[in-house]
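Please open the structure in your viewer and keep the selection tool at hand.

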Amino acid sequence: MIKEQNNTTLTFEDFKTEVLNDYKIAATSRECSLVGRREVLTGKAKFGIFGDGKEVPQIAMAKFFKNGDFRSGYYRDQTFMMAIGELTLANFFAGLYGNTDIKQEPMSAGRQMGGHFVTHSLNDDGSWKNLAKQKNSSADISPTAAQMPRLLGLAQASKIYRKINTIPNQKNFSNDGNEIAWGTIGNASTSEGVFFETINAAGVLQVPMLISVWDDEYGISVHAKHQTTKESISEILSGFQRDKNKDGIEIITVKGWDYSDLITTYEKASRIAREKHIPVLVHVTELTQPQGHSSSGSHERYKSTERLNWEKEFDCLRQMRLWMIAINIASVEELNEIDNAIKKEVLEAKKAAWNSFISPIVSEKNELVNLLEQIAPSSKNKDQILRLSNSLKAVKDPFKKEILVTARKTLRLVVNEAVANELSLWIQKYTQRNQLTFSNNLYSESNKNVFSVKEVLPTYATDARKDTDGRMIIRDNFDALFTKYPDVLIFGEDSGNIGDVNQGLEGMQQKYGETRVADVGIREATIIGQGIGLALRGLRPIAEIQYLDYLLYAIQILSDDLASLQYRTVGKQKAPLIIRTRGHRLEGIWHSGSPMGMIINAIRGIRVLVPRNMTKAAGFYNTLLECDEPALVIECLNGYRLKEKMPLNFGEFKTPIGIVETIKTGADITLVSYGSTLRLVEQAAKELLEIGIDCEIIDIQSLLPFDINHDIARSIQKTNRLLVIDEDLPGGASAYILQQIIEQQDAFKYLDSKPQTLTAKEHRPSYGTDGDYFSKPSVEDIYEKIYSILSETNPVKYPKLY
C-alpha cells in the first residue's frame with residue numbers, strides 16, 4: 001500500500017485503478033496526435049502541432065493542479081488539458097478543423113490553430129465566473145516564451161490575495177492565496193529573453209509559480225547545443241537556486257519517462273510553491289517528440305539514427321507500459337486491449353467532430369446551389385451560372401470561402417437582371433453572418449465596455465485659480481481611487497518609494513503600502529505580464545512604463561497577448577489592465593519619441609488614450625476603472641508642472657472615451673491634434689487670429705476608439721479645410737487619423753482643399769531645445785502650414801511667405 005497526498009491509505013487496487021486511468025488518458029492523447037497528423041496530411045485540417053512525447057509528465061503535473069490554479073502554457077499541453085477535464089476528444093478535433101462554433105470548439109471557436117488552450121473565465125454577459133471553484137487556463141499564444149510574463153502576474157495574484165483580505169468578491173478569485181500558477185515551455189524557448197526576465201522577477205517577488213520545461217533536446221530542427229549554454233537550462237540557472245540564507249527559486253530535474261518519479265517530483269514541487277510561495281522550476285529531461293515538431297516537416301531529416309532509436313526506446317508511453325507490466329498493474333494483453341478500445345473511441349470522435357463541422361457548411365452549399373439552379377433559367381448567362389453551380393456541387397467538403405466565391409462570381413453575371421436582387425441579398429446575409437464569427441470580440445461587448453460610462457465634468461470651487469501643478473491633480477486623483485477601489489494597485493519603475501519620476505504618486509506607497517504601490521525592476525515586458533496576469537485573476541492593476549519610448553520593450557506582449565485576448569477567446573476571458581506611461585515632447589532620441597503609428601497599429605484590441613493635461617488623464621483613469629477593457633494612457637511628459645485648476649470631485653469626474661473635444665471654435669480651418677502638441681497649436685492659432693485666420697481646434701483625446709460621433713467631419717463641413725498636426729513620424733498616426741476622417745467619416749465631400757498633415761521629421765528627435773525645434777512641429781511650423789493652406793485660397797490677402 002502507498003499513501004495519497006492527503007495521507008489517507010490507498011490500496012493497491014485503488015492505486016492500480018488510478019494508474020490505469022492515467023495510462024488511458026495518456027494513450028488517448030497520443031492516439032489523438034497520431035490521427036490528428038493524418039487529418040492534416042489528408043487536407044481536412046490545415047496544420048497540426050501536437051503534444052506527443054509529453055503525455056506522462058503532463059499526467060503527473062495534472063494530479064496536483066487544483067481548483068483556483070491557473071495554467072499559462074504552450075501548444076504541447078493537450079494531455080494536461082485532457083487530464084484536468086477541460087479538453088474532450090470532440091473539442092480536440094473541432095479545434096483541428098477550425099470549427100467556429102464556440103460550444104464545439106471552446107478554445108477559440110476556430111480562431112487559433114489546434115493546441116492553443118483556454119478555460120472560460122466569463123459568463124455570456126461578460127461577468128466573472130467563480131474562478132476559485134474551477135480549474136483555469138489562461139489563453140495560449142504561439143509566440144515562443146510569450147506566455148511567461150503573464151505567468152508572473154498569475155502567480156503574484158495569489159501573493160496579493162494572501163496579503164490583502166478586503167478585496168471585493170475575493171472568494172470568487174482566490175482561496176486565501178493558495179493557488180499556483182503553472183507554466184509550461186519547451187526547452188528551446190527558454191533561450192528567449194522574456195523567459196529569463198520572468199525567472200528573475202519571480203525570484204525577486206517570491207511568488208507561487210511552477211514552471212515545467214519540456215526538454216526533448218531540440219527546438220524544431222535545432223539541437224540544444226545551439227540553443228542553451230551547457231545544453232541544460234537547469235544547470236545554467238543553478239545560480240538562482242534558493243538556499244537557507246537567500247531567497248531564490250527551487251530547481252528540480254526529473255526524467256520525463258519515469259512515471260513514479262514524476263509524481264513524486266510534482267508532489268514536492270507543488271507543495272513548495274503552494275505552501276511557501278516559492279517559485280519552482282521543474283526541468284523535465286529525456287523527453288521525445290515522436291512525430292517531430294509539427295505536421296509541416298519530418299524529424300527524420302535532422303535526427304540521427306541513434307537518436308531516433310533512443311526515442312523509440314524511451315518514449316514515455318512505452319516506458320510507462322513496461323513499468324506497469326513489471327509491477328503487475330496490467331499485462332501486455334490487457335494494455336493492448338485498452339489501446340484497441342482507445343483507437344476505436346478516437347476514430348469515432350474524429351468522425352463525429354468532422355460531421356459536426358462539415359454538415360452545416362454542406363447545407364449552406366446546397367442552399368446556394370438550389371438558388372443558382374432556380375435563377376439560371378431566366379438569365380442570359382444560364383450556361384455560365386450552371387457551370388459555377390455544378391462545380392460547387394461537386395465539392396464534397398467545401399470551405400465557406402468556396403461557397404461565397406461562387407455566389408459573388410455569379411452576381412457579376414446577373415447584375416443587370418431581375419434575379420440579381422435575390423442573390424445580392426443572399427450574399428449580404430451570408431457574409432454578415434459569417435464575418436461575425438471571425439471578427440467579433442476584438443473589444444469588450446459587455447455592458448461594461450468603455451462606451452457604457454458617460455462624461456462627468458470636474459467641479460471647481462467658485463474661486464478656483466489655475467495655479468495647481470498637474471502632478472498634484474493626478475496624485476490626488478490616484479489617492480481617491482486607491483481609497484475607492486481596494487482591488488486597485490499600481491507598480492512600475494520608481495512608482496513606489498519616490499512616488500514616480502514626476503511625483504504623480506507622491507506619498508501613495510506610504511499611505512497604501514508596498515503591496516498596492518510597488519517599485520519593480522527595469523523589466524518592461526514582465527511589468528506588462530504582471531498586469532495581464534493580475535487582471536486575469538480579478539484585480540485592477542495599473543502597470544506603469546516609465547516613458548513611452550520604453551513601451552517598445554513590451555510591445556510584443558501587448559500586441560500578441562493582451563490586445564488579442566478577448567478576440568482569441570471570443571470574449572471568454574478578459575484582462576482589464578491599465579497601462580500608464582508618459583511621453584511626447586522632452587529632449588533627446590531616447591526620451592522624446594512619439595511612436596504612435598506603431599503603437600496603434602500593433603495593439604488593436606487595447607484602447608489608446610492621449611489626454612492633453614492631467615485633469616483629462618485623471619478622468620480617463622476614473623472612467624476605465626468602471627470598465628472591463630484594457631487601455632494605454634499616455635500622459636504628457638511636459639505637463640506635470642503646468643498649471644491647472646484643482647477639481648473638487650477627485651475619483652468621480654470622467655473623461656469620455658471615443659469623444660473629441662473642440663477647445664476653440666473657428667470658421668476657416670479645422671486643426672486636429674492631441675497631447676502636448678495641442679499647446680503649440682493653440683499658440684499658433686492665437687497668432688493667426690491676429691491676421692484674420694480663425695482656426696477651429698479639436699483635441700482627439702482618444703485614438704482607439706476614434707471620434708465615434710464624427711464631430712470632426714461636422715467641423716470640416718463648416719470650415720472646408722483640414723490640417724492634422726502630430727509629432728509622430730510622417731505617415732504614422734497622422735495617416736491613421738486621415739483614414740478615419742476621410743474614409744470612415746466621409747469628410748472628403750466637405751473639403752475645398754487638399755487635407756494635409758504636419759508631423760515630426762523621419763529621424764528620432766535630436767537632443768536639446770534646438771534639437772526639439774528642428775525635429776518636431778513648432779509654433780512657427782504650424783503657423784506657416786496653416787497660412788500656406790489659406791494662401792492657396794486667397795493669395796492676395798495671404799501672399800506666399802517663401
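Begin by selecting the seven strands that form an open sheet in the order β13-β12-β14-β15-β17-β16-β22, with mixed pairing. Two strands are said to pair if DSSP finds at least two bridges between them. Helices (H or I, at least four residues) and strands (E, at least two) are DSSP runs, numbered from the N terminus. The model is predicted: local features need pLDDT of at least 70, side-chain atom pairs count only at pLDDT 80 or more, and totals for chains, interfaces and linings use all residues. Residues are numbered from 1 along each chain as its sequence is written, and side-chain values use heavy atoms, with hydrogens and water left out.

Axes are lines fitted to C-alpha atoms, for helices over the stretch in contact, and angles run from 0 to 180 degrees between N-to-C directions.

Next select β14 (residues 540–544) and β15 (residues 578–583), which pair in the parallel sense over three bridges. The bridge partner of A543 in β15 is I579. Helix α17 packs on this sheet, touching β12 (488–492), β14 and β15, and its direction makes about 175° with that of β14. Contact means heavy atoms within 4.5 Å.

Which residues make the contact? On α17 they are A525, I528 and I532, and on α18 they are I557, L558, D561 and L562.

**A second sheet**

Now select the open sheet of six strands in the order β4-β3-β5-β6-β10-β9, where the pairing is parallel. Its edge strands, β4 (136–137) and β9 (250–255), each pair on one side only. Within this sheet, β5 (residues 181–186) and β6 (residues 209–214) run parallel and are joined by six bridges. M209 in β6 is the bridge partner of A181. Show helix α6 (residues 193–205) as well: α6 lies across β5, β6 and β10 (280–285), running at about 150° to β6.

Move to β20 (residues 669–673), where five of five residues are buried. Buried means under 20% relative accessible area, exposed over 50%, and partly exposed in between (1.4 Å probe, protein chains only). I669, L671 and S673 lie on one side of β20, and T670 and V672 on the other. β20 pairs in the parallel sense with β21 (residues 695–699) over five bridges, and with β23 (residues 722–725) over three bridges. Centre the view on L671: its bridge partner in β21 is I697, and in β23 its partner is L723.

**A final residue**

Lastly, select S33 in helix α1 (residues 12–41). Is S33 buried or exposed? At 0% relative accessibility, S33 counts as buried. Not counting residues up to four places away in sequence, S33 touches F50, G51, D52, Q78, F92 and Q291.
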